[in-house]
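I am opening this notebook to record what I looked up in one structure.

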Amino acid sequence: VCGACRRTGLPPLGSEELRAAYASWLKAQGLSDHEVAEALGLARVRSVDRLLRRHAELQAQRAVRERLEW
């Protein structure tokens with residue numbers, strides 16, 4: 001994975017970042033938190049919340065920026 005990131009010019013990603021990106025993609029596809037947890041093999045939905053925290057923060061920042069640009 002690190003080699004693929006390097007070849008595309010992206011910074012290397014760790015497993016946590018990849019799992020978070022996958023969880024975010026699953027949520028964007030309409031899966032519930034419980035379904036995302038099951039897909040990732042997580043025992044707790046709270047773990048999904050933790051994985052998605054950074055993505056939720058970025059989405060909130062984007063939403064605020066869009067509203068301020070009006």
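Entry 1. I looked up how helix α2 (residues 15-28) meets helix α4 (residues 45-69), and their axes come within 9 Å and cross at roughly 80 degrees. An angle of 65 to 115 degrees counts as roughly perpendicular, so α2 is roughly perpendicular to α4. From α2, the contact uses Glu16, Arg19, Ala20, Ala21, Ala23, Ser24 and Lys27. From α4, it uses Arg50, Leu51, Leu52 and His55. I sorted the residues of this contact of α2 with α4 by type and got 5 nonpolar, 2 polar and 4 charged. I note that the model is predicted.

Entry 2. I then took α3 against α4. Their axes come within 9 Å and cross at roughly 90 degrees. That makes α3 roughly perpendicular to α4. On the α3 side I listed Asp33, His34, Val36, Ala37 and Leu40. On the α4 side I listed Val45, Val48, Asp49 and Leu51. The residues of the contact of α3 with α4 divide into 6 nonpolar, 1 polar and 2 charged.

Entry 3. Which residues make up the largest nonpolar core? I found 10 residues in all: Ala20, Ala23, Leu26, Val36, Ala37, Leu40, Leu42, Val48, Leu51 and Leu52. The elements that give two or more residues to this core are α2, α3 (33-40) and α4.

Entry 4. I followed Leu52, one of the core residues. I left aside its neighbours within four places in sequence. What remains in contact with Leu52 is Ala20, Ala23, Ser24 and Lys27. Of these, Ala20 and Ala23 are also listed in the core.

Entry 5. How many aromatic pairs does a search of the whole structure find? I got 1 aromatic pair. The ring centres of Tyr22 and Trp25 are 6.3 Å apart and the ring planes lie at 10 degrees, so the pair is stacked. The cut-off for stacked is planes under 30 degrees apart. Both Tyr22 and Trp25 lie in helix α2, 3 residues apart, about one turn of the helix.

Entry 6. Last, I looked up Leu58, which is found in helix α4. Leu58 is partly exposed, with a relative accessible area of 30%. I also took the separation of Leu58 from Leu18, which is 40 residues apart from Leu58 along the chain. Their C-alpha atoms are separated by 16 Å.

Notes. Residues are numbered from 1 along each chain as its sequence is written. This is a predicted model: local features need pLDDT of at least 70, side-chain atom pairs count only at pLDDT 80 or more; totals for chains, interfaces and linings use all residues. Side-chain values use heavy atoms; hydrogens and water are left out. Rings of Phe, Tyr and Trp (its six-membered ring) pair if their centres lie within 6.5 Å; planes under 30 degrees apart count as stacked, over 60 as edge-to-face and the rest as tilted. Helices (H or I, at least four residues) and strands (E, at least two) are DSSP runs, numbered from the N terminus. Axes are lines fitted to C-alpha atoms, for helices over the stretch in contact, and angles run from 0 to 180 degrees between N-to-C directions. Angles under 35 degrees count as roughly parallel, over 145 as roughly antiparallel, 65 to 115 as roughly perpendicular and the rest as oblique. Contact means heavy atoms within 4.5 Å. Ala, Val, Leu, Ile, Met, Phe, Trp, Tyr, Cys and Pro count as nonpolar, Asp, Glu, Lys and Arg as charged, and the others, Gly among them, as polar. A nonpolar core is a set of buried Ala, Val, Leu, Ile, Met, Phe, Trp, Tyr and Cys residues joined through side-chain atoms within 4.5 Å. Buried means under 20% relative accessible area, exposed over 50%, partly exposed in between (1.4 Å probe, protein chains only).
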